[in-house]
Amino acid sequence: MRSRRNSSSRVGRRPSTTQDRIGTVAIELFTMQGFEATSVDEVAAACGIARRTLFRYFPSKNAIPWGDFDEHLAMMRAELASLPGDVPLVDGLTSALLHFNTVPATEAAMHRKRMSLILNTPTLQAYSSVMYEGWRKVVAEHVAARLGLQPTDHGPRTVGYLLLGVAMSAYEQWLADDTLELSDLLTAGMTSLADGLRSLDGSVVP
């Protein structure tokens, strides 16, 4: 899922930081040597920084492939909050999902390596579940605000899981077939949910 750290990948993105560089170097090492076989010390050395400096940017080795995911979530939350009230729920969610997972063509190869690590490395699965929870919460908060519910109510919570499912399925297919476009897969997945989500605009589902 969006876990991208290049400054050109989204309008308004702050300039590249040391965190970006650490992430890029680490992903290359993880891809070449394996996640388990690559130590934090090796990543720090390849970046020309001390181990303690690396940990100023990332709380753990498991966090490195995700980049600054909190920033991405904040931007997604702001984008959803800025949508006009007359934009259908499904259209707003589809737009946010596509924007969150959009990278320029020049960054597609690195994004593919990043997501392959995240989705296929057993050690990262437990950490990933925490990140997914934060992403679902952003979606649920938006849906709840639109429907006059609480984010923890069944309807908003379900939509969060549905959108995560669309994203996960799209990424799995994209990683398996490099002839496919991620945006097309995401759009197709959202189209399959459209009727159900549009029905929420006319009814409150707690």
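Predicted model: local features only at pLDDT ≥ 70, side-chain atom pairs only at ≥ 80, totals over all residues.
**Helices H4 and H5**

The axes of helix H4 (residues 69-81) and helix H5 (residues 89-100) cross at roughly 150° and come within 10 Å. H4 is therefore roughly antiparallel to H5, as angles over 145 degrees count as roughly antiparallel. The crossing of H4 past H5 is right-handed. On the H4 side the contact is made by Phe69, His72, Leu73, Met76, Glu79 and Leu80, and on the H5 side by Gly92, Leu93, Ser95, Ala96, His99 and Phe100. Sorted by class, this contact has seven nonpolar, four polar and one charged residues.

**Salt bridges**

The count of salt bridges comes to three.

| Pair | Closest N and O atoms |
|---|---|
| Lysine 113 and glutamate 28 | 2.9 Å |
| Arginine 51 and aspartate 41 | 3.1 Å |
| Glutamate 141 and arginine 77 | 3.0 Å |

Lysine 113 forms a salt bridge with glutamate 28. Lysine 113 lies in helix H6 (residues 108-120) and glutamate 28 in helix H1 (residues 18-33), so this pair ties together parts 85 residues apart in sequence. Lysine 113 is partly exposed at a relative accessible area of 28%, and glutamate 28 is partly exposed at 26%.

Arginine 51 forms a salt bridge with aspartate 41. Arginine 51 is in helix H3 (residues 51-57) and aspartate 41 in helix H2 (residues 40-47), ten residues apart. Arginine 51 is partly exposed, at 42% relative accessibility; aspartate 41 is partly exposed, with a relative accessible area of 42%.

Glutamate 141 forms a salt bridge with arginine 77. Glutamate 141 belongs to helix H7 (residues 122-147) and arginine 77 to helix H4, so the pair ties together parts 64 residues apart in sequence. Glutamate 141 counts as partly exposed at 25% relative accessibility, and arginine 77 counts as partly exposed at 37%.

Definitions and conventions:
Residues numbered from 1 in each chain as written. Heavy atoms only, no water. Axes fitted to C-alpha atoms, helices over the stretch in contact; angles between N-to-C directions. Helix = DSSP H or I, 4+ residues; strand = E, 2+ residues; numbered from the N terminus. Parallel < 35°, antiparallel > 145°, perpendicular 65-115°, else oblique. Left-handed = near helix turned anticlockwise from the far one by under 90°. Contact = heavy atoms within 4.5 Å. Nonpolar A, V, L, I, M, F, W, Y, C, P; charged D, E, K, R; others polar. Salt bridge = Lys/Arg side-chain N within 4 Å of Asp/Glu carboxyl O. Buried < 20%, exposed > 50% of the residue type's maximum accessible area, 1.4 Å probe, protein only.
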